[in-house]
Number of protein chains: 2
Amino acid sequence: MTVSRTINGHPYVTGETAKKVRAAIRRLSYRPNHAARVLTGQLSRSIGLIVPDIADTFFSVVSHAVQETARESGYLVWLAASDEDPTIEAAQVEMMTHHPVDGILLVPADSRNGYLKTLASGTTPIVTIDRPIEIATTDSVGVENRRGARLAVEHLIQHGYKKITCIAANSHLLTVKERIAGYKESMRRAKLPCPKELRVSSPSAAKSALSELFGSRNRPDALFTTNNSSTILVIETLQQLDIEMGKDVALVGFDDVAFFTLITPPVTAVRQPAAQLGNIAARLLLQRINGEFKASSIRTVLPVSLTIRESCGCKKGDAGTSKASAQIALALID
Amino acid sequence: MTVSRTINGHPYVTGETAKKVRAAIRRLSYRPNHAARVLTGQLSRSIGLIVPDIADTFFSVVSHAVQETARESGYLVWLAASDEDPTIEAAQVEMMTHHPVDGILLVPADSRNGYLKTLASGTTPIVTIDRPIEIATTDSVGVENRRGARLAVEHLIQHGYKKITCIAANSHLLTVKERIAGYKESMRRAKLPCPKELRVSSPSAAKSALSELFGSRNRPDALFTTNNSSTILVIETLQQLDIEMGKDVALVGFDDVAFFTLITPPVTAVRQPAAQLGNIAARLLLQRINGEFKASSIRTVLPVSLTIRESCGCKKGDAGTSKASAQIALALID
DNA sequence: CTGAAAGCGCTTACAG
DNA sequence: CTGAAAGCGCTTACAG
């Protein structure tokens, strides 16, 4: 039919004919069958998004942003959660790939898992969010992990704290490792003793680890937690152990969460631009899909900033936000 | 090909042939083209989920649960956010419908919007979550709004509070209206004065409304907030106005949020089974898709419970959770 | 039990 | 500028 041409804005259609066609379309409330279109090799106008946990404060914000910019381009998004399990993740990728999707946005559960190699060398465009793939090269969007950690730790050092312990959950993640590295770097520069990071996984593990730590003679005067879940876990545990945050021990966390303002004392944290991360990653993927880039891999690193509240020892009104320089490192890698 | 038959487990295939086919499938790592399947009238094995805001603590938990039970059945889910805008919602529904999806899970932005009538009478199965459609009948899964509100308000009354104000955001929503009705019912039964609910929309509106309320001679001694966003907004505002929650004024909220334990004092709230809501709704939709129900509309109402912490005036250890009776009202409506 | 044919609803060259 | 033909990759009857 000429219908196809009209719908797809083909140049060779008389205004007259086009008008008739459009009228008929309206009258019959005709909608093109998407599946048929895809079958002829058209784009599916859909992308996949796989995150570890949709209910996580950070990833839910990222997901919302991704959905928003996809919608603006007329794209629909498949959302899946891996529960930090590479097997589930791979299965979801497989399903999406064959549904099919035009591209996938991925927060890998394990950035060294073998299946990622196959994925990255496949034909479906991939953009990683937050955690880059370590064993292959793809487009990626992340944040300044190391610099954020240094921002946090150096702020604690300026307060005069000398026994700063680093606490980590999911310490196998590259992002967390980089934050730990940033912590170490700052401690060494300040010539401060740099104990190994404390790993907490479950609430019960956290409770025994922290109660031991605070019972020892190396009791810390400040804590740096490396992601939102470890920050929340530590705050919870400190309450249970009757250790008063901001008074008995200072705390700065990596990843700022909306409700940190509601806690007593309000929590100082490194702010990541979560929504922006989602927006930029989605836009990048869409551009890839449309073949707008020739360059092989684009690695985008977004700046972070320290949001100073009171858990670090500052008092209300002491300072505002120490906005980190808004430099965006955008490097092309071959 | 015989391939199709083998894959779809058709009875008439020799074990011999089937084995060969499967070997070939493995060797070529063949995957059936989903679009082609759909084109021949098969199910798409996908459902849509539209919520107002993916980043909301309540909806993100619901979304995670939906995704999980869909995955267990080999289904993929489209996730979209309406931003509480019926126009966006209708557009997303339209896209999903034609993609196509086998069914849609919906939290309507406006449960009286005209387009819902068309939707409900269409061929795509619909299950609403949390907010039933008011102008048409579909399957729905929700919670005991009125009873939850009474649980909250009666607890405050037992504490001896007499001037209890109800605070609402999004008061056009049926769920919120029912909670307000529950509040009124409890107040009337206790022969307490029952002021009109206070509506808060933005932080600034909340600030002026609350500062006026607490400056008046009808200053309340307790507050009942009708959803998580109004609870959070009120807590924030009270802090700004230097009104101490739990001391200057008691507070019980509808919808419990994980971080309420971290606030000082910890917040007492009506707990909704968010994850269960998502699981049950997804399962119901999948059953509908598979034609497992003949009955016209299934309305599921899940029980809520009061999680008692300290913002209501209780002290640590005063009481545990007053589990509401676990009765599930499951009614068939014609 | 297995193959050949027709068709799902579109799009992409190819003729007029 | 517009129509007829062929094909995308599957599945569903229909013959063998």
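Select strand 1 (residues 46-51) and strand 2 of chain A: six bridges join them, and the two run parallel. Strands pair here if DSSP finds at least two bridges between them. Helices (H or I, at least four residues) and strands (E, at least two) are DSSP runs, numbered from the N terminus. This is a predicted model: local features need pLDDT of at least 70, side-chain atom pairs count only at pLDDT 80 or more, and totals for chains, interfaces and linings use all residues. Residues are numbered from 1 along each chain as its sequence is written, while chains are lettered from A and ligands numbered from 1 in the order in which they are written.

Pick A:Ile47 next. Opposite A:Ile47 stands A:Val77 in strand 2 of chain A.

With strands 1 and 2 of chain A, helix 4 makes a right-handed β-α-β unit. Right-handed means that, with the strands pointing away from the viewer, the path from the first strand over the helix to the second runs clockwise.

Stay on strand 2 and colour by face. A:Leu76, A:Trp78 and A:Ala80 point one way; A:Val77, A:Leu79 and A:Ala81 point the other way, and all are buried. Buried means 20 or more other C-beta atoms within 10 Å of the residue's own, with C-beta atoms placed from the backbone. Six of the six residues of strand 2 of chain A are buried, so the strand is largely enclosed by the rest of the structure.

Next, show both chains. The contact takes 34 residues from chain A and 34 from chain B. Two residues are in contact if their C-beta atoms, placed from the backbone, lie within 7 Å. Helix 4 of chain A gives the largest share of chain A's side, seven residues. That side has 20 nonpolar, nine polar and five charged residues. Nonpolar covers Ala, Val, Leu, Ile, Met, Phe, Trp, Tyr, Cys and Pro; charged covers Asp, Glu, Lys and Arg; the others, Gly among them, are polar.

Finish at A:Leu156. Its contacts, not counting residues up to four places away in sequence, include A:Tyr161, A:Phe224 and A:Cys312.

Conventions
Buried ≥ 20, exposed ≤ 12 C-beta atoms within 10 Å, placed from the backbone.
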